[in-house]
Amino acid sequence: MSTMQAIEITQPGDPDVLKLTSRTIPKPGADEVLIKVAAAGVNRPDVFQRQGNYAPPPGASDLPGLEVAGELIDGDLGGNNPFGLRRGDAVCALLTGGGYAEYVVAPLAQCLPVPVGFSMIEAAALPENYFTVWSNVFDRGQLGHGEGGADESLLVQGGSSGIGVTAIQLAHTLGHRVFATAGNAEKCAACEKLGAIAINYRNQDFVEEVKRHTDGRGVDVILDMVAGDYVPRELNALAEGGRLVFIATLGGNKAGIDASLIMRRRLTVTGSTLRARSVAFKGAIAYQLHAKIWPLLESGRVRPVIHQVFPAAEAAKAHALMESSAHIGKIMLQW
Ligand SMILES: NC(=O)c1ccc[n+]([C@@H]2O[C@H](COP(=O)([O-])OP(=O)(O)OC[C@H]3O[C@@H](n4cnc5c(N)ncnc54)[C@H](OP(=O)(O)O)[C@@H]3O)[C@@H](O)[C@H]2O)c1
């Protein structure tokens with residue numbers, strides 16, 4: 001068999017431009033493996049790609065899909081293989097694209113074993129969010145390693161998003177106090193269930209709430225996907241030595257800031273995007289996740305929050321749900 005089913009973006013536009021199609025099964029190259037996909041995660045960047053606002057990086061598949069879980073069926077396992085993966089193993093993988101398909105090629109360095117006790121759907125919900133949160137909250141944001149010491153706190157903007165849920169779960173489980181903003185009472189309740197102090201941004205001021213709960217000190221790290229007019233307020237919500245980490249600009253790219261506040265309070269403003277980074281960079285994150293987070297998953301202390309699973313052929317419905325922002329946690333596709 002040389003062909004597979006896949007979901008392609010037929011043209012930029014609304015969810016119904018996603019169509020089931022037939023493609024040639026891709027072939028793995030050096031240091032790459034072929035995965036027979038069981039499940040794929042839907043992420044907001046897939047929506048931006050479908051709308052024509054987020055082109056795949058050079059060399060990436062034109063098919064959407066940044067994460068999958070499935071069976072490793074072929075490939076080059078002879079090089080650097082830190083987790084000792086073999087043909088027949090259940091793996092989950094971070095991709096630069098191509099996940100909405102029955103088969104996908106992934107760099108071996110970006111594959112991890114499916115955590116013991118996890119379904120394929122749960123495992124496919126991990127890579128994009130876990131790599132992003134680890135890289136931004138713990139590496140760039142240095143949560144727990146700044147001026148506030150081991151007890152440092154985190155504010156997550158968009159707490160009910162796939163990314164937000166992961167950030168709350170990991171920071172809370174690792175012993176940090178977590179605040180999370182969300183847009184309605186149901187989302188706030190979900191954030192609280194995961195261990196966060198929730199702030200409904202539609203009727204509460206996150207600066208006031210954070211200050212009220214911290215005796216005026218503020219939080220040490222903010223993970224932000226909104227930016228825009230949130231930025232000056234976020235600088236006010238940070239404790240001395242605090243770090244503001246951008247991963248998206250859903251509320252706009254531009255902001256006016258008080259630079260003297262950054263100097264006086266020794267603040268750091270940073271951010272990153274994951275998709276176009278090197279395989280070596282992503283492999284280093286995979287290694288960290290396996291060492292530090294996989295044990296939390298396998299012991300049952302952290303479990304991904306799955307909002308809804310769609311048959312892959314109904315990817316358009318999955319995108320429409322994501323654009324409604326009614327979901328809490330992950331939206332998944334299943335073959
Ligand atoms: N930098 C990176 O490497 C990286 C990697 C992955 C994802 N991301 C970004 O991280 C964000 C979250 O991704 P995800 O897949 O977890 O998405 P998601 O589940 O769809 O979450 C987005 C959430 O953002 C909140 N939101 C706030 N302002 C919004 C606005 N103006 N428009 C739409 N939603 C808004 C919504 O919750 P409320 O209803 O409560 O407002 C929504 O649930 C996305 O922007 C994505 O592009 C960045």
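In the predicted model, the ligand sits in the largest pocket. A pocket is an open set of points on a 1 Å grid over the protein atoms alone, with protein on both sides within 12 Å along at least five of seven lines; a molecule sits in it if more than half of its atoms lie within 2 Å of its grid points. Local features need pLDDT of at least 70 and side-chain atom pairs pLDDT 80 or more, while totals for chains, interfaces and linings use all residues. Residues are numbered from 1 along each chain, and side-chain values use heavy atoms, without hydrogens and water.

Around the ligand are 23 residues (a heavy atom within 4 Å), of which Arg44, Lys187, Tyr201, Ser272 and His327 come nearest. By class, eleven residues of this shell are nonpolar, nine are polar and three are charged; Gly counts as polar, and Asp, Glu, Lys and Arg as charged. Helix 1, a DSSP run, gives the largest share, three residues. Domain 1 (3-126 + 275-334) and domain 2 (131-271) each contribute at least three residues to the shell; the bounds come from an automatic or database domain assignment.

Polar backbone atoms of Ile163 and Leu274 each lie 2.9 Å from an oxygen atom of the ligand. For Ile247, a backbone N or O atom is 2.9 Å from a ligand nitrogen atom. The ligand taken alone exposes 910 Å², and the protein buries 86% of that (Shrake-Rupley method, 1.4 Å probe).

Note on methods:
Polar contact = N/O pair within 3.5 Å; in protein donor to acceptor, adjacent residues only side chain to side chain. 1 Å grid on protein atoms, 1.4 Å probe; cavity = no way out; pocket = protein on both sides within 12 Å on 5 of 7 lines; lining within 4 Å. Helix = DSSP H or I, 4+ residues; strand = E, 2+ residues; numbered from the N terminus.
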